[in-house]
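Please look through the sequence and the 3D structure below, and then read the briefing on how some of the side chains are packed.

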Amino acid sequence: MIKALVLGATGLVGSELLRLLLEDPYFDQVEVWSRRSIDIRHPKLMVKVLDFNQIPETDAQIIYSCLGTTKAKTPNVDEYRRLEVEIPIEIARKATRLQQFHYISSIGTSSKAKGSYLKNKWDAEEGLRKLTIESLHIYRPSLIFGQRNEKRTLEGISNILFKWLDPLLANSNYRRIAGSTIAAAMLKLSKSSKKGAFIHESKEIARI
């Protein structure tokens, strides 16, 4: 039986991914951990509402971390870092049957990155790599577009600008990418038997 766990299923990528997982017969059970309930009913869906202060064990073989926040939503520096860095690592560490971990990072992430956002993403990547997970897939998308359940003003302005720049950024890692495209790539790579740690830059995600 293949069981998947989705973190961040109410977000742009996570909600698209959840829909794909529920429709795909490859997955027998799909569990969602969320800070609030979700208005979806499906025979193979289990929803666990958590505050993430205490992380339980999971027997999911495949985990997708689509967690993310903004400084406006999470102004506390410690809480911001916990959500972006500590929670994904802790969940991976407590997974008793883990075979694959899929983590959404960001374009521009590196050991020399400046700014808390990219620094946190790098620390999360490093922490997950140190766990020597059988198959670790790290996604570094460019600006993500799609229908969100929340309003992000700065992101909205950026999307308007990048919409006009997209034709000039063909085959570039900086071209915008749809949340549905990322979710589809994650689903496809879930069915790969490749083992190791893999980093997927934005244009590769689109190609997949």
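The briefing turns to the nonpolar cores and then to the rings.

This is a predicted model, in which local features need pLDDT of at least 70 and side-chain atom pairs count only at pLDDT 80 or more, while totals for chains, interfaces and linings use all residues. Residues are numbered from 1 along each chain as its sequence is written, and side-chain values use heavy atoms, with hydrogens and water left out.

**Nonpolar cores**

- A nonpolar core is a set of buried Ala, Val, Leu, Ile, Met, Phe, Trp, Tyr and Cys residues joined through side-chain atoms within 4.5 Å, where buried means under 20% relative accessible area, exposed over 50% and partly exposed in between, with a 1.4 Å probe and protein chains only.
- The largest such core holds 29 residues, and L21, Y64 and M186 have the most contacts inside it.
- α1 (12–23) is one of the elements that give two or more residues to this core, and α1 gives the most, with 7 residues.
- Apart from this core lies another one of 24 residues, including I55 and L136.
- Contact means heavy atoms within 4.5 Å, and Y64, leaving aside neighbours within four places in sequence, is in contact with residues including L17, F27 and H102.

**Rings**

- Rings of Phe, Tyr and Trp (its six-membered ring) pair if their centres lie within 6.5 Å, with planes under 30 degrees apart counted as stacked, over 60 as edge-to-face and the rest as tilted.
- By this rule there is 1 aromatic pair, and because the rings of Y26 and F27 have centres 5.1 Å apart and planes at 80 degrees, the pair is edge-to-face.
- Y26 is partly exposed at 35% relative accessible area, whereas F27 is buried at 1%.

Notes
Helices (H or I, at least four residues) and strands (E, at least two) are DSSP runs, numbered from the N terminus.
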